[in-house]
Amino acid sequence: MNPSYSPRSAWTWRPVELAALVVGFIAWWPLGLAVLAWKFWNDRSARPKDFETALRDGFMRVRETASGLFAGTAPIPEDDLALTGNAAFDAHVRETLARIDADRRALVEEIRAFRAFLAEEQAGRNEMYERFKAKSRRD
């Protein structure tokens, strides 16, 4: 059993936790059960968090993951890119990252060039339409 657990501290509900429970049950009953289960588990854990902190941490993790997915790459933890101590492997990692970065810059430049091309095409279509409109008015 958790040494920091005491019956007196158990099941003390903060207003935000009660609101989440009520809204959870109103919105969708499994969500209310999830809040209730979290409260039960959290109050008995070694390091309990208040509901606001848990929600904030959860939303930050979701936002980081989503931004990584929508950016085309998942975020890479800094620990994964730390030097290993093997000079050959560390040089390989640096070269590969430099190549990937150069490929990414080239792709961004290609996207910019294509957008400029599309803008020129669109401008040309507008000019062609304006000439057609002017000619059809004369006729």
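This is a predicted model: local features need pLDDT of at least 70, side-chain atom pairs count only at pLDDT 80 or more; totals for chains, interfaces and linings use all residues.
Residues are numbered from 1 along each chain as its sequence is written, and side-chain values use heavy atoms, with hydrogens and water left out. Local features need pLDDT of at least 70, side-chain atom pairs count only at pLDDT 80 or more, and totals for chains, interfaces and linings use all residues.

The chain contains four helices and zero strands. Helices (H or I, at least four residues) and strands (E, at least two) are DSSP runs, numbered from the N terminus. Along the sequence the pattern reads α-α-α-α. Helix 2 covers residues 29–43, and helix 4 covers residues 87–138.

A residue is buried under 20% relative accessible area, exposed over 50%, and partly exposed in between (1.4 Å probe, protein chains only). Of the 139 residues in the chain, 12% are buried. The chain exposes about 11800 Å², and carbon and sulfur atoms supply 63% of that area. Accessible areas come from the Shrake-Rupley method with a 1.4 Å probe; for residues, only the protein chains shown count as cover. Contacts were also counted, a contact being heavy atoms within 4.5 Å. Among contacts with a separation of 6 or more, 45% join residues 24 or more positions apart.

The surface carries a nonpolar patch of about 570 Å². Its members are Phe 25, Trp 28, Trp 29, Leu 31 and Leu 33. Patches are made of residues with over 30% relative accessible area and no salt bridge; like charges are joined within 9 Å, and nonpolar side chains (Val, Leu, Ile, Met, Phe, Trp, Tyr) within 5 Å. Helix 2 gives the most to this patch, with three residues. Trp 29 lies in helix 2. Trp 29 has a relative accessible area of 55%, so it counts as exposed. Leu 31 also belongs to helix 2. Leu 31 is partly exposed because its relative accessibility is 42%. Leu 31 and Leu 21 are ten residues apart in sequence, and their C-alpha atoms are 8.1 Å apart in space.

Charged side chains were then examined. A salt bridge is a side-chain nitrogen of Lys or Arg within 4 Å of a carboxyl oxygen of Asp or Glu. By this rule there are four salt bridges. One of them joins Arg 99 and Asp 103, at 3.7 Å from N to O. Both residues lie in helix 4, four residues apart, about one turn of the helix. Arg 99 is partly exposed at 46%, and Asp 103 is partly exposed at 45%.

Another salt bridge links Arg 105 to Asp 101, with the closest N and O atoms 2.4 Å apart. Arg 105 and Asp 101 are likewise in helix 4, with a spacing of four residues, about one turn. Asp 101 is partly exposed, at 36% relative accessibility. Lys 133 pairs with Glu 130, the closest N and O atoms being 4.0 Å apart. These two residues sit three residues apart in helix 4, again about one turn. Lys 133 is partly exposed at 26%, and Glu 130 is partly exposed at 44%.

Asp 90, in helix 4, is buried yet has no salt bridge. The nearest side chain of opposite charge is Arg 94, 5.2 Å away. Here Lys and Arg count as positive and Asp and Glu as negative; His and the chain ends are not counted. Leaving aside neighbours within four places in sequence, Asp 90 touches Leu 83, Thr 84 and Gly 85.
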